[in-house]
Amino acid sequence: MDKKIIFLSIIFSTIYFSACKTKKEEEKQINKPNIVIIYLDDLGYGDLSSYGATELQTPNIDALASGGIKFTNGYASSATCTPSRYALLTGVYPWRNKNAKILPGTAPLLIGTEQQTLPKLLKNKGYQTAIVGKWHLGLGTGVVNWNKRISPGPNEVGFDDSYILAATQDRVPTVYIKDGNVVGLDKNDSIEINYKENFEGEPTAISNPEMLTMKWHHGHNSSIVNGIPRIGYMKGGEAAKWSDIDMADHFLAKAQDYVKSHKKEPFFLYYAMQQPHVPRTPHPRFVGKSGMGPRGDVILEADFMVGEFIKTLEKEGILENTLIVFSSDNGPVLNDGYYDDAVEKVGNHDPKGGLRGGKYSIFEAGTRVPFIIYWKGKIKPQVSNALVCQIDLLASIADLVGAEEDLKDSENLLNTFLGQTEKGREHLIIEATSRTALREGNWIMIPPYKGKNYREAVGIEVGSFPYYQLYNLKEDKSQQNNLAKSKPEKLQEMIKTFEEIRGKKYGENSKDITFD
Ligand code: NG6
Ligand code: CA
């Protein structure tokens, strides 16, 4: 070949490839915002002033809603915590995993270490990843020794850093765990946990009611920590026990520290707050602020924490380069096992925002939750009625950062999440304590289920009837008018779609949790 041609082709290919690189680099800049998921625990569709609450004000979360996209048909995959978190992090419907139920503090890790997860895919795209807050997806492989490094856990499914509470605030162990190690553990005071029986001589809510500062209503009568009776028995670990009233400040400080020390790289932070789950333990500066008792007070506390967190992003100069998702793992409940005035002081506040049911329920209030996406300067403020679910964040974020994922359940709704279209999912399967239903267009179809509908202990209708239910949610938001009989064609069409996804044996695994 002519030397000149070879020379020229080298020059051209160098120019060509360096041009490509520049474009890719450019894309990198655009497509790699920091990603933060702020996830509350049991916050209802009607618990924020931006979602219609009039009896309490949540200005900081409202600012995200009014400056971003407020979804009115945004769903958690489930009406309880563990399954919703499983769906959020794996993009897999929780009913595909028979163990995706509310887990005790001793449950093994629910997510397979080989499974794809949101933090893993982001890690592969150069992100630093972290969780601060509630985990509730199991730890270890069976029998956990809480005095050694606990593994596998969040760090083995994609999080570079983890600072968690293992299960729930009402379950033992009541300690923080950092990257698999109990924080502040005195090696001479080892921790033992048992969910079946107590350790000899250890006080419980039953044997020593005089030690309680909060009374239990149902469940929650095992070990006492900080005067609060919990689920499960715990011995030892005195120095490591958390302070309930400081938990919100504690997690905020961890989240802020993380942002400050990772502001130079793209990061993913899953900030999983504990409010307003029981036991509701507002810091004294929030006590009495809502006039609604501790449940209202901790919602105000959570709102304050969100405000402080956003201020940190702003101060560090990265707010414009951070995509923020705000949502809740399931709907609201007033009495979830403690006497804490939630029922007595709720007044005119409607945590369900006019929906039917609540936490644990296949009715709308179980899974339809506040769902906000905020990206300063990038997303045009709007209200979106698109049908979206937290399970879709995985596929959508994958697209945002240029990852290719072959997913069955998680749908790529990136354009919907960025406010470029109001087209959401065609349909969605929602789940509530093993019952599933089909949400499609304006409709929801709930198949027949065994078991009681009304659960006295929590004061909630779980949506269980021995016949089909069909509601038009656009006309009948509170699900009062069952159209199963008057709309047989619509019903049949939805049963067909439902059974195509769920199979005919959808009810087989449905096992109720105990409420009382
Ligand atoms: C239930 C608890 C409830 C709450 C829930 C989990 C009883 C009687 N009730 O079993 O208080 O802890 O589990 O909530 O123990 S969730 O939001 O984490 O799913
Ligand atoms: Ca929850």
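A: What follows is a quick chat about that model.

Q: What sort of model is it, and how are things numbered?
A: It's a predicted model, where local features need pLDDT of at least 70, side-chain atom pairs count only at pLDDT 80 or more, and totals for chains, interfaces and linings use all residues. Residues are numbered from 1 along each chain as its sequence is written, chains are lettered from A and ligands numbered from 1 in the order written, and side-chain values use heavy atoms, with hydrogens and water left out.

Q: OK, helix H6. How many residues does H6 have, and how far does it reach?
A: H6 covers residues 294-315, so 22 residues, and spans 31 Å from first to last C-alpha, close to the 32 Å expected at 1.5 Å a residue. That expected span is 1.5 Å times one less than the number of residues. Helices here are DSSP runs of H or I with at least four residues, strands are E runs of at least two, and both are numbered from the N terminus.

Q: Is H6 mostly covered or mostly open?
A: Mostly covered: 16 of the 22 residues in H6 are buried. Buried means under 20% relative accessible area, exposed over 50%, and partly exposed in between, with a 1.4 Å probe and protein chains only.

Q: How does H2 cross H6?
A: The axes of H2 (residues 59-67) and H6 come within 7 Å and cross at roughly 60°. Axes are lines fitted to C-alpha atoms, for helices over the stretch in contact, with angles from 0 to 180 degrees between N-to-C directions. That makes H2 oblique to H6; under 35 degrees would be roughly parallel, over 145 roughly antiparallel, 65 to 115 roughly perpendicular, and the rest is oblique.

Q: Which residues make that contact?
A: From H2 you have Pro59, Asn60, Ile61 and Leu64, and from H6 Asp303, Phe304, Val306, Gly307 and Ile310. Contact means heavy atoms within 4.5 Å.

Q: Switching to rings. How many aromatic pairs are there?
A: A search of the whole structure turns up 19. Rings of Phe, Tyr and Trp (its six-membered ring) pair if their centres lie within 6.5 Å, and planes under 30 degrees apart are stacked, over 60 edge-to-face, the rest tilted.

Q: Why is Tyr176 with Phe251 called edge-to-face?
A: Their ring centres are 5.4 Å apart and the planes sit at 70°, so that pair is edge-to-face. Tyr176 is in strand S5 (residues 176-178) and Phe251 in helix H5 (residues 247-262), so the pair ties together parts 75 residues apart in sequence. Tyr176 is buried at 7% relative accessible area, and Phe251 is buried at 1%.

Q: What about Tyr271 and Phe309?
A: That pair is tilted, at 5.3 Å centre to centre with 55° between the planes. Tyr271 is in strand S12 (residues 267-272) and Phe309 in H6, 38 residues apart. Both Tyr271 and Phe309 are buried.

Q: And which rings form a cluster?
A: Tyr39, Trp135, Phe159, Phe268 and Tyr270 are linked by ring pairs.

Q: Last topic, backbone. Where are cis peptide bonds?
A: One joins Ser151 and Pro152, with omega about 0°, and Pro152 is in the loop between S3 (128-134) and S4 (161-165). Another joins Gln275 and Pro276, omega about -5°, and Pro276 lies in the loop between S12 and H6.

Q: Which phi does Asn226 take?
A: Near 55°, a positive value in a residue other than glycine. Asn226 is partly exposed at 44% relative accessible area.
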